[in-house]
Amino acid sequence: LIFSFGGLPLTYYGDEIGTMNNTNYLNDPEKKGDSRWVHRPIIDWDKAALRHTPATVEFQLFNAIKRMIAIRKEINVFADFNNRELIDSDNPHLFIFGRYNIVKPSEHVLIVANFDLKPQSLAMKDIQEWSSSRHGELVDLYSGQQPDIYDNNLIIPPLTFYWLQEI
(Lines give C-alpha, C1' and ligand atoms only; values in the text may rest on other atoms or scores of the structure.)
Protein backbone atom coordinates (compact mmCIF):
# COMPACT_ATOMS: atom_id res chain seq x y z
CA LEU A 1 0.00 0.00 0.00
CA ILE A 2 2.81 2.42 0.71
CA PHE A 3 3.81 2.23 -2.95
CA SER A 4 0.31 3.05 -4.16
CA PHE A 5 -1.17 5.49 -1.63
CA GLY A 6 0.91 8.55 -2.46
CA GLY A 7 3.90 10.55 -1.38
CA LEU A 8 7.33 9.04 -1.02
CA PRO A 9 7.08 5.41 0.07
CA LEU A 10 8.78 4.98 3.43
CA THR A 11 10.75 1.77 3.62
CA TYR A 12 13.49 0.85 6.04
CA TYR A 13 16.64 -0.88 4.95
CA GLY A 14 16.07 -4.56 5.16
CA ASP A 15 12.40 -4.31 4.13
CA GLU A 16 13.39 -5.29 0.59
CA ILE A 17 14.68 -8.67 1.81
CA GLY A 18 12.23 -9.36 4.65
CA THR A 19 14.44 -8.43 7.60
CA MET A 20 12.60 -8.96 10.85
CA ASN A 21 12.28 -6.29 13.54
CA ASN A 22 15.34 -5.91 15.76
CA THR A 23 14.44 -5.89 19.46
CA ASN A 24 18.08 -5.96 20.63
CA TYR A 25 17.89 -2.19 21.08
CA LEU A 26 15.83 -2.85 24.23
CA ASN A 27 19.02 -4.14 25.90
CA ASP A 28 20.85 -0.85 25.30
CA PRO A 29 19.96 1.77 27.96
CA GLU A 30 20.70 4.61 25.50
CA LYS A 31 18.39 3.21 22.81
CA LYS A 32 15.63 1.33 24.64
CA GLY A 33 13.38 4.40 24.91
CA ASP A 34 13.46 5.01 21.15
CA SER A 35 11.39 2.46 19.22
CA ARG A 36 12.83 3.66 15.89
CA TRP A 37 15.70 1.27 16.55
CA VAL A 38 13.37 -1.67 15.92
CA HIS A 39 13.82 -0.86 12.20
CA ARG A 40 17.57 -0.36 12.38
CA PRO A 41 19.10 -3.81 12.56
CA ILE A 42 22.64 -4.65 11.64
CA ILE A 43 22.55 -5.72 8.01
CA ASP A 44 23.02 -9.43 7.48
CA TRP A 45 24.95 -9.36 4.22
CA ASP A 46 24.55 -13.12 3.67
CA LYS A 47 20.76 -12.68 3.83
CA ALA A 48 21.01 -9.63 1.56
CA ALA A 49 22.94 -11.69 -1.01
CA LEU A 50 19.99 -14.10 -1.21
CA ARG A 51 18.06 -11.40 -3.13
CA HIS A 52 19.92 -12.72 -6.19
CA THR A 53 19.02 -16.39 -5.55
CA PRO A 54 15.76 -17.45 -7.24
CA ALA A 55 13.16 -19.25 -5.09
CA THR A 56 14.26 -17.54 -1.87
CA VAL A 57 11.96 -15.23 0.09
CA GLU A 58 14.58 -12.50 -0.25
CA PHE A 59 14.55 -12.84 -4.05
CA GLN A 60 10.75 -12.76 -4.18
CA LEU A 61 10.47 -9.69 -1.94
CA PHE A 62 13.29 -7.78 -3.63
CA ASN A 63 11.85 -8.36 -7.09
CA ALA A 64 8.29 -7.60 -5.98
CA ILE A 65 9.39 -4.21 -4.67
CA LYS A 66 11.38 -3.52 -7.83
CA ARG A 67 8.26 -4.34 -9.87
CA MET A 68 6.07 -2.01 -7.79
CA ILE A 69 8.59 0.81 -8.21
CA ALA A 70 8.70 0.26 -11.98
CA ILE A 71 4.89 0.30 -12.27
CA ARG A 72 4.66 3.37 -10.06
CA LYS A 73 7.16 5.20 -12.30
CA GLU A 74 5.31 4.18 -15.47
CA ILE A 75 1.69 4.90 -14.48
CA ASN A 76 0.87 8.60 -14.10
CA VAL A 77 -1.92 8.12 -11.55
CA PHE A 78 0.73 7.29 -8.96
CA ALA A 79 2.23 10.80 -9.20
CA ASP A 80 1.28 12.45 -5.94
CA PHE A 81 -1.06 15.39 -6.30
CA ASN A 82 -3.35 14.26 -3.46
CA ASN A 83 -5.18 12.48 -6.26
CA ARG A 84 -6.80 9.68 -4.37
CA GLU A 85 -10.30 8.90 -3.26
CA LEU A 86 -11.08 6.54 -0.40
CA ILE A 87 -13.92 4.16 -1.19
CA ASP A 88 -16.16 2.88 1.56
CA SER A 89 -17.17 -0.75 1.61
CA ASP A 90 -19.20 -2.81 4.03
CA ASN A 91 -16.31 -5.26 4.24
CA PRO A 92 -14.00 -4.38 7.17
CA HIS A 93 -11.22 -6.60 5.77
CA LEU A 94 -10.79 -4.50 2.64
CA PHE A 95 -9.02 -1.18 2.17
CA ILE A 96 -10.06 0.45 -1.11
CA PHE A 97 -9.13 3.67 -2.81
CA GLY A 98 -8.90 5.06 -6.31
CA ARG A 99 -6.03 7.00 -7.84
CA TYR A 100 -6.52 9.19 -10.89
CA ASN A 101 -4.46 11.30 -13.25
CA ILE A 102 -5.23 14.96 -12.52
CA VAL A 103 -4.53 15.91 -16.15
CA LYS A 104 -6.55 13.01 -17.61
CA PRO A 105 -9.21 12.02 -15.04
CA SER A 106 -10.25 9.11 -17.29
CA GLU A 107 -6.93 7.45 -16.36
CA HIS A 108 -7.42 5.79 -13.01
CA VAL A 109 -6.42 2.80 -10.92
CA LEU A 110 -8.44 1.12 -8.19
CA ILE A 111 -6.42 -0.23 -5.29
CA VAL A 112 -8.03 -3.04 -3.29
CA ALA A 113 -6.21 -4.72 -0.40
CA ASN A 114 -7.45 -7.72 1.57
CA PHE A 115 -6.01 -7.79 5.10
CA ASP A 116 -7.73 -11.04 6.07
CA LEU A 117 -6.48 -14.64 6.01
CA LYS A 118 -9.58 -15.62 3.98
CA PRO A 119 -10.67 -14.59 0.50
CA GLN A 120 -12.97 -11.57 0.49
CA SER A 121 -15.45 -10.26 -2.02
CA LEU A 122 -16.36 -6.79 -3.18
CA ALA A 123 -19.62 -6.17 -4.98
CA MET A 124 -18.91 -4.54 -8.31
CA LYS A 125 -21.86 -2.20 -7.68
CA ASP A 126 -19.90 -0.75 -4.74
CA ILE A 127 -17.20 0.48 -7.13
CA GLN A 128 -19.53 1.45 -9.99
CA GLU A 129 -18.78 5.15 -9.61
CA TRP A 130 -15.06 4.47 -9.95
CA SER A 131 -15.48 2.73 -13.28
CA SER A 132 -15.51 4.96 -16.37
CA SER A 133 -17.38 2.39 -18.40
CA ARG A 134 -19.52 -0.60 -17.65
CA HIS A 135 -17.90 -2.64 -20.42
CA GLY A 136 -14.21 -2.51 -19.59
CA GLU A 137 -12.45 -5.50 -18.16
CA LEU A 138 -10.13 -5.19 -15.20
CA VAL A 139 -6.47 -6.12 -15.13
CA ASP A 140 -4.15 -6.07 -12.12
CA LEU A 141 -1.19 -3.88 -13.04
CA TYR A 142 1.08 -5.74 -10.63
CA SER A 143 0.43 -9.31 -11.80
CA GLY A 144 -0.78 -8.58 -15.32
CA GLN A 145 -3.70 -10.93 -14.68
CA GLN A 146 -7.42 -10.37 -14.69
CA PRO A 147 -8.94 -10.82 -11.22
CA ASP A 148 -11.65 -13.37 -10.52
CA ILE A 149 -15.16 -11.98 -10.67
CA TYR A 150 -18.07 -14.27 -9.75
CA ASP A 151 -21.72 -13.22 -9.58
CA ASN A 152 -20.67 -9.61 -10.11
CA ASN A 153 -18.32 -9.77 -7.08
CA LEU A 154 -14.61 -9.14 -7.25
CA ILE A 155 -12.82 -11.91 -5.33
CA ILE A 156 -9.69 -10.82 -3.48
CA PRO A 157 -7.45 -13.66 -2.26
CA PRO A 158 -6.13 -13.67 1.32
CA LEU A 159 -3.50 -11.03 2.16
CA THR A 160 -3.50 -9.79 -1.43
CA PHE A 161 -3.68 -6.44 -3.15
CA TYR A 162 -4.81 -5.42 -6.60
CA TRP A 163 -3.87 -2.34 -8.62
CA LEU A 164 -6.80 -2.54 -11.02
CA GLN A 165 -7.11 -0.72 -14.31
CA GLU A 166 -9.75 -1.04 -16.99
CA ILE A 167 -8.62 -2.38 -20.34
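Residues are termed buried under 20% relative accessible area, exposed over 50%, and partly exposed in between (1.4 Å probe, protein chains only). The structure is a predicted model, in which local features need pLDDT of at least 70 and side-chain atom pairs count only at pLDDT 80 or more, while totals for chains, interfaces and linings use all residues. Residues are numbered from 1 along each chain as its sequence is written, and side-chain values use heavy atoms, with hydrogens and water left out.

The structure contains five salt bridges, a salt bridge being a side-chain nitrogen of Lys or Arg within 4 Å of a carboxyl oxygen of Asp or Glu. One of these joins Asp126 to Lys125, at 3.3 Å from N to O. Asp126 is partly exposed because its relative accessible area is 32%, whereas Lys125 counts as exposed at 57%. Asp80 pairs with Arg84 at 2.9 Å, N to O, and Asp80 is partly exposed, with a relative accessible area of 39%. In the salt bridge between Arg36 and Asp34, the closest N and O atoms are 2.6 Å apart.

A nonpolar surface patch is formed by Phe81, Tyr100, Ile102 and Val103, which together have about 420 Å² of accessible area. Patches are made of residues with over 30% relative accessible area and no salt bridge, nonpolar side chains (Val, Leu, Ile, Met, Phe, Trp, Tyr) being joined within 5 Å and like charges within 9 Å; accessible areas come from the Shrake-Rupley method with a 1.4 Å probe, and for residues only the protein chains shown count as cover. Tyr100 lies in strand β2 (residues 94–100) and is partly exposed, at 31% relative accessible area. Strands (E, at least two residues) and helices (H or I, at least four) are DSSP runs numbered from the N terminus.

Pockets and cavities were defined on a 1 Å grid over the protein atoms alone: a cavity is a set of points where a 1.4 Å probe fits but cannot get out, a pocket is an open set with protein on both sides within 12 Å along at least five of seven lines, and lining residues have an atom within 4 Å of a point. The largest pocket has a volume of about 340 Å³. Of its 18 lining residues, Leu1, Ile2, Phe3, Met68 and Phe161 are the closest to its centre. Helix α3 supplies the largest share of this lining, four residues. One cavity of 30 Å³ or more is found in the whole structure; the largest cavity holds about 60 Å³ of space, and its lining includes Tyr12, Asp15 and His39.

How values were computed. Points joined across faces, edges and corners; volume = space filled by probe spheres on them.
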